[in-house]
Amino acid sequence: METTGRHLITLRRGRSVQAASFIEKISGPVADSRELGAGIAMFSPENTTVVYQRVGVAIGNLDPDQAVAVAQVDDVLAVEEERICYAVYNADYMRGFQAGVTAATSAALEAPNPARAVAVAEILNESLATWGLQATNVLNSRFSGKGIKIAILDTGLASSHPDFAKRAGITMKSHIPGVASAEDGHGHGTHCAGSAGGVATPQSGPRYGVASSAELFIGKVLNDRGNGADGDIIAGIEWALQEGCALVSMSLSAPVAVGAAFSTAYEQAAAAALEDGCLIIAAAGNDSRRPSVFAPVGHPANCPSILAVAAVDDQMQVAAFSNAQVGAGKAVAIAGPGVQIYSSWLPPRAFNTISGTSMAAPHIAGIAALYAESTGTRGQALQTALLKGARSLGLPSTDVGSGLAQAP
Amino acid sequence: MDKVQLLVSVDRNNNDAVVDKLRSAGLDVTRAMPRLGVVSGSADEQAMEAIRQVGGVLNVERAEGFQIAAPDSPVQ
């Protein structure tokens, strides 16, 4: 069996911190996957063992003696060589791979994909509206999310921003113990809220918001340093349900290992929400490094009842960082604009152009609000309408699901 | 003694009774979220098994955290 030369270390659940301190003494530096941030999902820096707390696994380069020593550490359940063939033996993965090769081959050898050519040709410049609003047909839609409530669970909102200060229909609440206000001190939440529900006529610059008439429920679940706890995020979902939100947008993701189980609590919450007519939309995560690394859809987008959103760029290509369906893992449902996205930011800067599946998810939440208005559907039926309306991009469904969302 | 943060998934039709039993089993309840069937809280690690055994409990998992990218990061 082919191996990578690295070792997969299975840790007792909840004891990974303790185990890591022993592993460090045996084989050198150990890092927490979260401290490294997005991007280390599958490949750790050389000679550093990376601990994935959520899944209770560490991956590191051990020599044979170190492997034996690590296996004897309390709270280490198993040490095994990392296999290269893991996903390749899986038929679904092979089909996904085949679809990817087919698409890439036709793109390289044949006439340009018509769907892609049309989309690219339409994008002239961003003087009036962002490329994302153009590519998703938002500018031509007669719907604006009127009467639809969208919850944005993130770092909050800069309520003094010129485009939000006078916008009607904004409710803000912090779900973080000890944090009284939902004001944004980071920027991420204000950017996401802008994409989902920014005004139709900004005070300056191009239009960047999808559902300009939707009611926005800003739930602060991440603090100003950008971190948040599971319990507070689920509390935000409960609040969104109490407020009658049809949509919840969550631009947060933690990397997971291939084949890792999803969170029962998030799934329980999302299934309950869906039954109550509330669709939860989450970023698929930014852990891929194409063309070499395809990271699986992260937590909590990997829950069956949560809609996972991938990111594409203005050339209708999947973003290099965008997570994918790996093997028989969670599928990507749909893609949204997620590269070089202009939206609102903390004043005085007021605007920022950034990339991420975090940017794609609120576009999808906004477009779903337009469908909620146009079709009157909620929950599962709304999800069906949203996915049916997507434009195929000729890309593997493992990367972009049904394709790029289109406003009704 | 290590306190662990927990997410307890419970039967949505049987919430109130379960929350009281969870407290008796050692869960310091932070939030009971009846609409979702989720209770968050903290407990001594040794109490996890007792919490898992409470009638109406579907699953017990450790709560963890998220960290998004820094504000000046190009990818968020």
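Reader: What covers the buried residues of H8(A)?

Author: The cover includes strand E6 (149–154), E8, strand E10 (247–250), strand E14 (341–344), strand E15 (351–354) and helix H11 (357–375), all of chain A. Helices (H or I, at least four residues) and strands (E, at least two) are DSSP runs, numbered from the N terminus. The model is predicted: local features need pLDDT of at least 70 and side-chain atom pairs count only at pLDDT 80 or more, while totals for chains, interfaces and linings use all residues. Residues are numbered from 1 along each chain as its sequence is written, and chains are lettered from A and ligands numbered from 1 in the order in which they are written.

Reader: How many residues of H8(A) are buried?

Author: A residue is buried if 20 or more other C-beta atoms, placed from the backbone, lie within 10 Å of its own, exposed if 12 or fewer, and partly exposed in between. In H8(A), 10 of the 10 residues are buried, so this helix is largely enclosed by the rest of the structure. Among them are A:His188, A:His191 and A:Cys192. For chain A, 55% of the 408 residues count as buried.

Reader: At what angle do H9(A) and H10(A) pack?

Author: Two packed helices are described by the angle between their axes and the distance between the axes. Axes are lines fitted to C-alpha atoms, for helices over the stretch in contact, and angles run from 0 to 180 degrees between N-to-C directions. H9(A) and H10(A) pack at about 10 degrees, with axes 11 Å apart. That makes H9(A) roughly parallel (under 35 degrees) to H10(A). The contact (C-beta atoms, placed from the backbone, within 7 Å) involves A:Ile234, A:Ile237 and A:Leu241 of H9(A), and A:Ala265, A:Tyr266, A:Ala269 and A:Ala273 of H10(A). The residues of this contact divide into 7 nonpolar, no polar and no charged; Ala, Val, Leu, Ile, Met, Phe, Trp, Tyr, Cys and Pro count as nonpolar, Asp, Glu, Lys and Arg as charged, and the others, Gly among them, as polar.

Reader: How many residues does each chain give to the contact between A and B?

Author: Chain A gives 35 residues and chain B gives 30. On the chain A side, strand E9 (227–229), helix H9 (230–242) and helix H10 (264–275) each supply at least two residues, and H9(A) gives the most, with 7. By class, that side has 14 nonpolar, 17 polar and 4 charged residues. Strand pairing also crosses the contact: 3 bridges join E9(A) to strand E5 (residues 65–67) of chain B, and the two run antiparallel. A:Asn227 faces B:Gln67 in E5(B).

Reader: Which strands of chain B does H9(A) lie across?

Author: H9(A) lies across E1, E2 and E3 of chain B, at about 25 degrees to E2(B). In chain B, 4 strands form an open antiparallel sheet in the order E2-E3-E1-E4. Its edges are strand E2 (28–33) and strand E4 (57–62), each pairing on one side only.

Conventions: Contact = placed C-beta atoms within 7 Å. Pairing = 2+ DSSP bridges. Parallel < 35°, antiparallel > 145°, perpendicular 65-115°, else oblique.
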